[in-house]
Amino acid sequence: MLTSYSLSDVTANLDSVHNYYEHMVIGEIHKQIGDKTVGTDFVADVACVALNHLPPRYIRYDVDMAFYLSPKESMEMEDKVIDAVRDALTFVEKRGNRTL
């Protein structure tokens, strides 16, 4: 039972919370971009679009997720990331070529 805490304690603990897909998406973006020269804004836009098409999986420690995932679940997540990043790259590239 939590009886006493401070806002700074809670905030410090929340700093370790992140979406498990974030690291996977960034890694996959780099794989799919390859040797192309792109800006950091482009990568951030692709990451946002891809992450918005994936279910959130918030964790504190990556090792926890790796421990609880079956090999099948892990492979399904990887496949979802590959598809989400591919679709996000296409979307952001098309948007960047539009004239307003």
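**Entry 1: the model.** I am working with a predicted model, in which local features need pLDDT of at least 70 and side-chain atom pairs count only at pLDDT 80 or more, while totals for chains, interfaces and linings use all residues. Residues are numbered from 1 along each chain as its sequence is written, and side-chain values use heavy atoms, with hydrogens and water left out.

**Entry 2: the whole chain.** I looked up the secondary structure and found five helices and two strands, which follow the pattern α-β-α-α-β-α-α along the sequence. For burial I used relative accessible area, where buried means under 20%, exposed over 50% and partly exposed in between, with a 1.4 Å probe and protein chains only. On that scale 25% of the 100 residues of the protein chain count as buried. I then turned to contacts between residues at least 6 apart in sequence, and 83% of them join residues at least 24 apart. The accessible surface comes to about 7,600 Å², of which 55% belongs to carbon and sulfur atoms; these areas come from the Shrake-Rupley method with a 1.4 Å probe, and for residues only the protein chains shown count as cover.

**Entry 3: helix α2.** I followed α2 over residues 21–33, and its 13 residues reach 18 Å from the first C-alpha to the last, close to the 18 Å expected at 1.5 Å a residue. The expected span here is 1.5 Å times one less than the number of residues. Which residues of α2 are buried? I found Tyr21, Val25, Glu28, Ile29 and Ile33. Seen down the axis of α2, these buried residues fall within an arc of 125°, so they line one face of the helix; the arc is that of the directions from the helix axis to the C-beta atoms. They pack against β1 (18–19), α3 (40–52) and α5, whereas His23 and Lys31, on the other side of α2, are exposed. Just after the helix, I noted that Gly34 takes a positive phi of about 65°.

**Entry 4: helix α5.** I next read α5, which runs over residues 71–96 and has 26 residues reaching 37 Å from first C-alpha to last, close to the 38 Å expected at 1.5 Å a residue. Its buried residues are Met77, Val81, Ala84, Val85, Ala88, Leu89 and Val92, and what covers them includes α2, α3 and α4 (62–68).

**Entry 5: salt bridges.** I counted as a salt bridge a side-chain nitrogen of Lys or Arg within 4 Å of a carboxyl oxygen of Asp or Glu, and the structure holds three of them. Side chains of opposite charge can pair when their charged atoms come close.

One of the bridges joins the side chains of Glu93 and Lys36 at 3.8 Å, N to O. Glu93 lies in α5 and Lys36 in the loop between α2 and α3, so the pair ties together parts that are 57 residues apart in sequence. Glu93 counts as partly exposed because its relative accessibility is 35%, and Lys36 counts as exposed because its own is 54%. Leaving out residues up to four places away in sequence, I found that Glu93 touches Lys36 and Phe42. The C-alpha atoms of Glu93 and Phe42 are separated by 8.5 Å, although the two residues are 51 apart along the chain.

Arg86 forms a salt bridge with Asp83, with the closest N and O atoms 3.0 Å apart. Both lie in α5, three residues apart, about one turn of the helix. The side chains of Arg86 and Asp87 also meet in a salt bridge, at 3.5 Å, N to O.

**Entry 6: a nonpolar patch.** Where does the surface show a nonpolar patch? I found one formed by Leu14, Val17 and Tyr58, with about 320 Å² of accessible area together. Patches are made of residues with over 30% relative accessible area and no salt bridge, with like charges joined within 9 Å and nonpolar side chains (Val, Leu, Ile, Met, Phe, Trp, Tyr) within 5 Å. Leu14 belongs to helix α1, residues 7–14, and counts as exposed because its relative accessibility is 53%.

Methods. Helix = DSSP H or I, 4+ residues; strand = E, 2+ residues; numbered from the N terminus. Contact = heavy atoms within 4.5 Å.
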